[in-house]
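Let's take a walk through this fold together. Keep the viewer open and click along as we go.

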Amino acid sequence: MLKTFKRYHIAACMLVALLNSSCDKELSKLPANDRVGETAITDLASAKMALNGVYYRFANVDNDNIANWVYNNTTGGLLSGTLSHGLGPLPEEENDNVNSNSPIYQWEYAYKIVLAANGLLRGVEALPEAKLPGTAKTELSAEARFLRAYGHFKLLMYFAEWKDLNSINGVLIRDEFSSLSNMPKKRSSVKDSYSHILADLDYAIEHAKLETPNYYANQWAAKVLKMRVLACRGLDADLNALLLLADDVIQHSPYTLEDNVRDIFQLKGLQSKEVILGVKPQPGQEVYYNNLSRFYFPMADRLFTTNLKFKEMLNDDPRQDWMIGADAPFQMYSPDTYYFHKFIAAGTEPTQTSETQYAIRLSEVYLLKAEAIIRSKSDYSEAKSTLKLLMEKAGISDFNALDQITSKEALWKFYTREVLKSFAGEDAVEWFTLIRMPLALISEIRPHITKNEQLYFPIPQSELDLNKNFGEQNQGYGL
């Protein structure tokens with residue numbers, strides 16, 4: 001029997017109130033404030049302010065004025081085995097989804113973005129052309145639809161039977177400004193969920209700006225997010241389209257790989273030309289006692305670490321030296337755990353750079369290209385050369401193990417382990433990559449996973465109680 005989640009879920013009526021509210025809290029340029037209600041949009045200036053409000057949800061700026069992405073990063077890390085909890089194991093570490101608290105955060109976070117984007121879209125669409133001259137209307141709509149697609153994709157991957165294109169258990173799509181009358185709604189099928197997300201991304205690719213500061217979305221960010229979606233749907237045509245998108249981004253975008261990947265996280269942050277979309281910390285965030293960095297080192301009220309299995313995965317890998325630190329301090333509760341120093345160097349104090357987070361990096365484009373080749377081609381030479389390029393950026397020069405691989409299954413596992421090493425703790429990229437493999441291969445890397453239902457969470461009971469039109473609970477979690 002599905003256990004009722006103990007923590008509070010945002011009810012549908014509260015989400016409606018959230019969209020119609022405004023907040024006077026002043027933030028930095030990203031965003032100016034969190035006002036997103038359609039009634040606040042009267043001209044171009046207020047529309048841009050409302051767009052900033054959607055980014056406010058995306059950055060998850062909390063009541064302490066902190067862009068708090070720690071659970072964006074740690075949910076995927078815990079599920080995939082790259083991260084652990086240093087104050088006692090969490091259910092996610094054994095892929096025990098029923099007892100996990102992660103669904104609470106992920107459900108609420110994604111729908112805050114989706115509903116805020118819908119508020120902006122309705123407000124922008126209601127304005128006459130004279131109020132939004134030139135391409136302003138389509139550009140604003142494009143960013144809103146990118147963010148809505150980001151939210152719906154998170155919901156697809158965490159709460160839908162996304163691997164089964166014939167499943168009726170897809171996403172509860174919210175594609176209009178919400179009111180109490182339209183809150184009761186049936187979830188879409190998996191097929192229709194993919195179609196809706198891809199339609200939003202196609203609009204963003206066509207109408208978004210070509211270049212923006214890298215804490216705002218543009219056409220390139222939309223192309224990479226579309227690549228993620230296509231990799232998960234995984235049809236032959238999807239993998240072919242993914243390869244075309246990858247070559248487009250690699251050859252024509254303004255982004256370049258860092259010569260030393262460590263520099264992104266511990267030196268350059270958003271100044272890195274590899275960052276396509278990042279999360280900008282708020283002013284002064286680095287001095288706050290409970291900021292992002294202190295979830296890793298030295299410690300806030302939670303401590304997210306890495307573990308022996310991941311440390312051993314990095315044996316003879318230069319990344320072990322700067323990503324994995326000394327023994328975490330509470331070995332009696334969490335044995336074989338170590339400080340995770342990817343975002344904050346050992347022995348240092350938090351900075352704006354250590355507080356910066358990353359939604360999309362160019363490295364992922366190369367990796368997704370390699371994955372599509374492995375899954376769709378019989379000649380793996382280009383996939384191997386692509387992997388070697390990225391591994392060189394991590395300081396690796398010995399490719400003998402990679403060169404010896406001849407089978408698709410072995411190369412897919414090697415590739416997935418490389419993603420785990422490269423994207424540990426980055427917005428669940430490593431988790432979504434791991435679970436794209438066949439279940440038997442997933443189990444070889446993550447032995448706790450033995451059933452398909454462990455690849456997604458149960459629907460929060462609060463949604464089923466409040467929305468009688470929702471439909472079925474996910475398979476494996478019913479009565």
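**Salt bridges, sheet and core**

At 40% relative accessibility, glutamate 382 counts as partly exposed (buried means under 20% relative accessible area, exposed over 50%, and partly exposed in between, with a 1.4 Å probe and protein chains only). Before going further, a word on what you are looking at: this is a predicted model, where local features need pLDDT of at least 70 and side-chain atom pairs count only at pLDDT 80 or more, while totals for chains, interfaces and linings use all residues. Residues are numbered from 1 along each chain as its sequence is written, and side-chain values use heavy atoms, with hydrogens and water left out.

Back to glutamate 382. Its side chain meets that of lysine 369 in a salt bridge of 2.8 Å, N to O (a salt bridge is a side-chain nitrogen of Lys or Arg within 4 Å of a carboxyl oxygen of Asp or Glu). Glutamate 382 sits in helix α14 and lysine 369 in helix α13, so this pair ties together parts that are 13 residues apart in sequence. Helices here are DSSP runs of H or I with at least four residues, strands are runs of E with at least two, and both are numbered from the N terminus. Lysine 369 is buried, with a relative accessible area of 11%.

Now look at α14 itself, residues 381-393. Its 13 residues reach 19 Å from the first C-alpha to the last, close to the 18 Å expected at 1.5 Å a residue (the expected span is 1.5 Å times one less than the number of residues). The buried residues of α14 are Ala383, Lys384, Thr386, Leu387, Leu390, Met391 and Lys393. What covers them includes α13 (362-376), α15 (400-403) and α16, where contact means heavy atoms within 4.5 Å. Just after α14, glycine 395 takes a positive phi of about 95 degrees.

Next up is α16, residues 408-423. At 1.5 Å a residue its 16 residues should span 22 Å, and its end C-alpha atoms are 22 Å apart, which agrees. Among the buried residues of α16 are Leu411, Trp412, Lys413, Tyr415 and Phe423. Just after this helix, glycine 425 takes a positive phi of about 75 degrees.

Lysine 413 also has a charged partner: its side chain and that of glutamate 444 meet in a salt bridge of 2.4 Å, N to O. Glutamate 444 lies in helix α18 and lysine 413 in helix α16, so the pair ties together parts that are 31 residues apart in sequence. At 18% relative accessibility, lysine 413 counts as buried, whereas glutamate 444, at 44%, counts as partly exposed.

Arginine 436 is buried, with a relative accessible area of 8%, and glutamate 371 counts as buried at 1%. The structure holds 23 salt bridges.

Time for the strands. Four of them form an open sheet in the order β1-β3-β5-β4, with antiparallel pairing (two strands pair if DSSP finds at least two bridges between them). β1 and β4 (324-327) stand at the edges, each with a single partner strand, so one side of each is left without a neighbour in the sheet. Helix α3 (residues 70-80) packs on the sheet, touching β1 and β3, and its direction makes about 25 degrees with that of β3; axes are lines fitted to C-alpha atoms, for helices over the stretch in contact, and angles run from 0 to 180 degrees between N-to-C directions.

The bridge partner of serine 84 is threonine 305, and that of histidine 85 is phenylalanine 304. Three bridges then join β3 to β5 (residues 337-340), including the one between asparagine 307 and threonine 337.

In soluble globular proteins, nonpolar side chains tend to be buried together. Here the largest nonpolar core has 153 residues, of which Phe58, Phe146, Phe153 and Trp431 touch the most other members. Such a core is a set of buried Ala, Val, Leu, Ile, Met, Phe, Trp, Tyr and Cys residues joined through side-chain atoms within 4.5 Å.
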